[in-house]
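Have the sequence and the 3D view open while you read.

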Amino acid sequence: STMPPLLSAIANAGRHGVLAKSAVVMERLGQVDAVALDKTGTLTTGTPHVTDIRPRPGSGLDEEGLLALAAAAEHPSEHPLARSLVRAAHERHLTLDEASGFTSEPGRGVTAVVGGHTVQVGSPARLGPVGGDPETGGVVRALEDEGRTAVLVLRDGAPVGVLGVADRLRSDAKSTVTALAELTGRPPVLLTGDNERAARRLAAEVGITDVRAGLLPQDKVAAVREWEAQGRRVLVVGDGVNDAPALAAAHVGIAMGKAGSDLALETADAVVVRDELATIPAVVALSRKARRLVA
Ligand code: ADP
Ligand code: MG
């Protein structure tokens, strides 16, 4: 065709299921030599499921009560963990109280008023005070040792229980990691806000050894800046609100379209519209070919 190479590269990327927002993106994609992948919703399917419901003895809650309380607080959230709690509550036909005053903190969790109580749902490491409650701390550690994400529920500041959530790797996660390692000469790095044990377990299954866990959104940015300062050109792939700053800081940021949050989709340079991770090494290879044609 008579199309300029970078424009036909955009068209080709589109055919592979990746929407690049400009021709410059294709050019930059051809330059990347390091890749950082988010875990939840990127390396994994983004539809985790609730495996454990552990109300704290003395909380006055049973399993359904704990799930209903957590799901009510999470109802407005678009986070994959929030959606898994709400789905589990609906599957059990639980009625959820209306939540008010909802706020969410990326990488941490949510807060809302439910039935007159302030309810917080989120990361045990970030919400605390699990340290002051050995029983809850023990439940959290046991779940994380099994590779689960432990979700802590606080009512008026006190722990009332923990939920266990399990996530599945995407079917093409391993082949994608291998392909990206071959393209860039080094295996991708995993950046996650989740706990270290769950993250390492998952990473090992796909051949990733460099795992940065327990990260806040700004920590993901710091990691990207660190590599860029060493002269690397980093491709970041993510889906969450928590990934948006790192997507912006990267040489190229790509968002997973299906599970992706609006903020991630807006911030990214390109969006995976076909829900397959394998599209990413395909377009990296493509953009390199286009570069050679331009040069
Ligand atoms: P990742 O980087 O793997 O995509 P996030 O940064 O989105 O993970 O979340 C990091 C951690 O913060 C989660 O593992 C969870 O403990 C907690 N978290 C964040 N948002 C929520 C939420 N809406 N409900 C429960 N926990 C949450
Ligand atoms: Mg994510």
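## Around ligand 1

At least two residues of the shell around ligand 1 come from each of H3, helix H5 (80-91), strand S5 (109-114), strand S6 (117-122) and strand S7 (149-155). Helices and strands here are DSSP runs numbered from the N terminus (H or I, at least four residues, for helices; E, at least two, for strands). H3 gives the most to this shell, with three residues.

The shell has 24 residues, and Thr-40, His-79, Ser-123, Thr-192 and Gly-193 come nearest to ligand 1. To be near, a residue needs its C-beta atom, placed from the backbone, within 6 Å of the molecule or strand. Sorted by class, the shell around ligand 1 has five nonpolar, 14 polar and five charged residues. For that sorting, Ala, Val, Leu, Ile, Met, Phe, Trp, Tyr, Cys and Pro count as nonpolar, Asp, Glu, Lys and Arg as charged, and the others, Gly among them, as polar.

## About the model

This is a predicted model: local features need pLDDT of at least 70 and side-chain atom pairs count only at pLDDT 80 or more, while totals for chains, interfaces and linings use all residues. Residues are numbered from 1 along each chain as its sequence is written, with chains lettered from A and ligands numbered from 1 in the order in which they are written.

## Two domains

The chain is divided into domain 1 (5-45 + 168-294) and domain 2 (49-166), with bounds from an automatic or database domain assignment. Each of them puts at least three residues into the shell around ligand 1. Their C-alpha centres lie 30 Å apart.

Where do they touch? 17 residues of domain 1 are in contact with eleven residues of domain 2 (contact: C-beta atoms, placed from the backbone, within 7 Å). On the domain 1 side, helix H3 (39-43) and helix H9 (196-206) are the elements that give two or more residues. H9 gives the most there, with three residues. By class, that side has six nonpolar, eight polar and three charged residues.

## Helix H8

Ala-173, Thr-176, Val-177 and Leu-180 of H8 are buried (20 or more other C-beta atoms within 10 Å of a residue's own; exposed is 12 or fewer, partly exposed in between, with C-beta atoms placed from the backbone). They sit on the same side of H8 because they cover an arc of only 100 degrees around the axis, taken from the directions from the helix axis to the C-beta atoms. Gly-185 follows H8 and has a positive phi, near 85 degrees.

Technical notes: Two residues are in contact if their C-beta atoms, placed from the backbone, lie within 7 Å.
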